[in-house]
Amino acid sequence: MANVVVVGAQWGDEGKGKIVDWLSERADVIARFQGGHNAGHTLVIDGKVYKLHALPSGVVRGGKLSVIGNGVVLDPWHLLDEIDTIRSQGVEISPENLMIAENTPLILPFHGELDRARENQNSVAKIGTTGRGIGPAYEDKVGRRVIRVADLADDATLVLRVERALVHHNALRKGLGLTEIDGDALIAKLREIAPKILPFAAPVWKVLAEKRKAGKRILFEGAQGALLDIDFGTYPFVTSSNVIAGQAATGVGLGPTAIDYVLGIVKAYTTRVGEGPFPTELDDADGQRLGERGHEFGTTTGRKRRCGWFDAALLRQTCATSGITGICLTKLDVLDGFETLKICVGYDLDGKQLDYLPTAADQQARCKPIYEEMPGWSESTEGARSWADLPANAIKYVKRIEELIDCPAALVSTSPEREDTILVTDPFAD
């Protein structure tokens, strides 16, 4: 049976939550493979809004197993609060339908404090972090001093792990002018939360291997977008993990042969939150219109998103680095009523034409977009569920994007509602 990876193909906020939820009807397991609660997914189901941050989008579907993989960094206190919120909306969450990998690293309170302190003291160039401790937790993972879910089950191990972490962090905090961490108080907090988290813990790699052997369909869910990837994003204005599709296998403990289809989620225009280069950004009435019509505010932070025209050159790159099989074009309805639309097909770097965004930050900042113009449409596309419902110019717009990125559109989304989706190719088709 086909297993599908869903990745954001721009700078995040592409509408992955709705599409993962839509696809999860065809899946048996929904597995989150990277990131933390710095990312947010908004689901609109029968008019009811669910805002998810750490939980996989599949939790709102009955009869599905949702998994938080080892590639995620997890704030256990935030997770429990989020579970309580979603339960209050009538969704059942228990160890029967939610599983956390035993080797998942934990985000502790001092990670968020360090994140915010460094961002506030960085007077040269702010990264635009959400301040939730994601980066410092990944640093501790690589530094082999992080506390993992399994450590909560053994008190002696937990004490040793905390002591090791504090040797590093207290020295670092001293240099930043922060008070020392009270180790005893931290251990007490972890002991208190352990019995609430451990019932969800499991050897996820083993469970997923068994599910795959039994022919179950697995949907791999990523957070953020490929242009925020720690290696292939617009560094240093990136997230702290690998976002591209290759991380899906590592982030849950399956091999790369478990991946059959990669679906890239793409807005019909481009947005970005926080700092960093953005070649097609619009600081005019068109940019304002995109932001207002698209309700471009972050689910997690509430920050206003920067808006711009569709960048086909950047999407070609992410299609290559993630091995994208097909795209899902979202928010097509936001473009309704524009007389003329622009698509970036390449860049001008000091008089030289490029068909990709260079790696060097100074060159990225100097890249000017090369645009191709297309006529817009006056008719509404909102709620369209078939090609026949779309204006001719909207279809031409989608087809031109396919040509420019050399990748087909598998789905087109025309509103936040789950069913307002045009299915061209089913990613789960065998």
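Just after helix α4 (134–142), Arg 144 takes a positive phi of about 60 degrees; helices here are DSSP runs of H or I with at least four residues, strands are runs of E with at least two, and both are numbered from the N terminus. The model is predicted, so local features need pLDDT of at least 70 and side-chain atom pairs count only at pLDDT 80 or more, whereas totals for chains, interfaces and linings use all residues. Residues are numbered from 1 along each chain as its sequence is written, and side-chain values use heavy atoms, with hydrogens and water left out.

Within α4, the buried residues are Ile 134, Gly 135, Pro 136, Ala 137, Tyr 138 and Asp 140. Buried means under 20% relative accessible area, exposed means over 50%, and partly exposed lies in between, computed with a 1.4 Å probe on protein chains only. The cover over the buried residues of α4 includes α3 and α5, where contact is defined as heavy atoms within 4.5 Å. The loop between α4 and α5 holds Asp 151. With a relative accessible area of 8%, Asp 151 is buried. Its contacts, leaving aside neighbours within four places in sequence, are Val 146, Thr 157, Leu 158 and Arg 161.

Helix α3 (residues 109–121) contains 13 residues, and its first and last C-alpha atoms are 19 Å apart, close to the 18 Å expected at 1.5 Å a residue. The expected span is 1.5 Å times one less than the number of residues in the helix. Buried positions in α3 are Phe 110, His 111, Gly 112, Leu 114, Asp 115, Ala 117 and Glu 119. These buried residues pack against α4, α5 (155–176) and α6 (183–197).

The end C-alpha atoms of α6 are 20 Å apart, in agreement with the 21 Å that its 15 residues should span at 1.5 Å a residue. In α6, Gly 183, Leu 186, Ile 187, Leu 190, Ile 193, Ala 194 and Ile 197 are buried. An α-helix has 3.6 residues a turn, so residues three or four places apart point the same way. The elements covering the buried residues of α6 include α2 (76–88), β6 (98–101), α3, α5 and β7 (201–202).

The largest nonpolar core comprises 56 residues, and those with the most contacts inside it are Phe 310, Leu 332, Leu 335 and Tyr 397. Helix α12 (residues 392–405) gives the most to this core, with 6 residues. Another core, of 37 residues, lies apart from it and has Tyr 50, Ile 68, Leu 152 and Leu 158 among its members. A nonpolar core is a set of buried Ala, Val, Leu, Ile, Met, Phe, Trp, Tyr and Cys residues joined through side-chain atoms within 4.5 Å.

Arg 400 also belongs to helix α12. This arginine is partly exposed, with a relative accessible area of 24%. Leaving aside neighbours within four places in sequence, Arg 400 is in contact with Ile 343, Glu 372 and Met 374. Its C-alpha atom is separated by 9.7 Å from that of Ala 312, 88 residues apart along the chain.

Asp 406 lies in the loop between α12 and β17 (409–413). At 73% relative accessibility, Asp 406 counts as exposed. Although not a glycine, Asp 406 has a positive phi of about 55 degrees. The C-alpha atoms of Asp 406 and Ile 83 are separated by 41 Å, and the two residues are 323 residues apart along the chain.

A positive phi, near 55 degrees, is also found at Lys 331, a residue other than glycine. Lys 331 lies in the loop between β13 (326–330) and β14 (340–349) and is partly exposed, with a relative accessible area of 22%. The peptide bond from Tyr 235 to Pro 236 is cis, with omega near 5 degrees. Pro 236 is found in the loop between β8 (218–221) and α8 (247–250).

The count of cavities of 30 Å³ or more comes to 1. On a 1 Å grid over the protein atoms alone, a cavity is a set of points where a 1.4 Å probe fits but cannot get out, and lining residues have an atom within 4 Å of a point. Grid points are joined across faces, edges and corners, and a volume is the space filled by probe spheres set on the points. The largest cavity holds about 30 Å³ of space. Its lining consists of Arg 32, Ala 39, Gly 40, His 41, Leu 52, His 53 and Leu 55. By class, this lining has 3 nonpolar, 3 polar and 1 charged residues.

Notes: 1 Å grid on protein atoms, 1.4 Å probe; cavity = no way out; pocket = protein on both sides within 12 Å on 5 of 7 lines; lining within 4 Å. Nonpolar A, V, L, I, M, F, W, Y, C, P; charged D, E, K, R; others polar.
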